[in-house]
Amino acid sequence: TFPNQIVNFGTYITYKNMLWLVTDADVESELYVNGTISLCNWLFKWQDTKGNILSRQSVVLNASQYNSGVEENKVMTLGSNQYMVYLPLDEDTLKLTYDKRIFIDNNYKVPYKITRPDNVSNSYNGDGLITLIMSQDVLSDEDRPDLGLCNYFVPTPPQSSTTCEI
């Protein structure tokens, strides 16, 4: 970076017409900030508790690249793929917790659920990253591949109250 340019963990940077996420920053030098940016490769979409559809660009890395991707010798054969996901830490991503399900599949046929959220290790004074370990799950009836959302529900419209004085 240039002198006096501030770059925090979890900041998006546009470089060469692509979106990158600051995943590491060494701010010790008074002349420049040295760090690592990672290319965002997935639009992470979910619904909040009110039904609003939220999304953030994310960095998704394979966290199980050396296993076979299948657990056998069970009553059923299940996929066992895992991803590590980096997202900026903000008020919305801070609410992502265990068992939240997200599609991470270009065909929107394979959902993943959060099995280990970490909003501490890469956060500094409120800025930073949330790191999620996502484990492969199975499709459910509530999943909407056409919308790219797992466990979709129709938002309830806010109740309006009308008062009048008599």
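## Exercises on a predicted all-strand model

C150 is buried, at a relative accessible area of 7%, where buried means under 20%, exposed over 50% and partly exposed in between (1.4 Å probe, protein chains only). The model is predicted, so local features need pLDDT of at least 70 and side-chain atom pairs count only at pLDDT 80 or more, while totals for chains, interfaces and linings use all residues. Residues are numbered from 1 along each chain as its sequence is written, and side-chain values use heavy atoms, with hydrogens and water left out.

**Exercise 1.** Determine how many helices and strands the protein has, and what share of its residues is buried.

*Solution.* Step 1: the protein contains 0 helices and 12 strands; both are DSSP runs numbered from the N terminus, helices being H or I of at least four residues and strands E of at least two. Step 2: read from the N terminus, the elements are β-β-β-β-β-β-β-β-β-β-β-β. Step 3: the protein has 166 residues, and 32% of them count as buried.

**Exercise 2.** Describe the sheet formed by β1, β2 and β3.

*Solution.* Step 1: these 3 strands make an open sheet with antiparallel pairing, in the order β1-β2-β3; two strands pair if DSSP finds at least two bridges between them. Step 2: β1 (12–15) and β3 (34–39) are the edge strands, each pairing on one side only. Step 3: on average, neighbouring strands of this sheet are turned by 45° against each other, direction ignored (axes are lines fitted to C-alpha atoms, for helices over the stretch in contact, and angles run from 0 to 180 degrees between N-to-C directions). Step 4: β1 and β2 (residues 18–26) run antiparallel and are joined by 4 bridges. Step 5: L19 in β2 stands opposite T14.

**Exercise 3.** Count the aromatic pairs and characterise those of F9 with Y124 and of Y83 with Y112.

*Solution.* Step 1: rings of Phe, Tyr and Trp (its six-membered ring) pair if their centres lie within 6.5 Å; planes under 30 degrees apart count as stacked, over 60 as edge-to-face and the rest as tilted. By this rule there are 6 aromatic pairs. Step 2: the ring centres of F9 and Y124 are 4.7 Å apart and the planes stand at 35°, so this pair is tilted. Step 3: because F9 lies in the segment before β1 and Y124 in strand β11 (residues 123–124), the pair ties together parts that are 115 residues apart in sequence. Step 4: F9 is buried at 13% relative accessibility, whereas Y124 is partly exposed at 40%. Step 5: Y83 and Y112 also form a tilted pair, with 5.0 Å from centre to centre and 55° between the planes. Step 6: Y83 belongs to strand β8 (residues 82–88) and Y112 to strand β10 (residues 111–118), so-called distant parts of the chain, 29 residues apart. Both Y83 and Y112 are buried. Step 7: W42, F103 and Y108 are linked into a cluster by ring pairs.

**Exercise 4.** State where R56 lies, whether R56 is buried or exposed, and which side chain R56 contacts.

*Solution.* Step 1: R56 is located in strand β5 (residues 53–62). Step 2: with 17% relative accessible area, R56 is buried. Step 3: the R56 side chain makes a polar contact of 2.7 Å with the side chain of D92. Such a contact is a pair of N or O atoms within 3.5 Å; within protein, one must be able to donate a hydrogen and the other to accept it, and residues adjacent in sequence count only if both atoms are side-chain atoms.

**Exercise 5.** Give the number of disulfides and the accessibility of C40.

*Solution.* Step 1: the structure holds 0 disulfides, a disulfide being a pair of cysteine sulfur atoms within 2.5 Å. Step 2: C40 is buried, at 11% relative accessibility.
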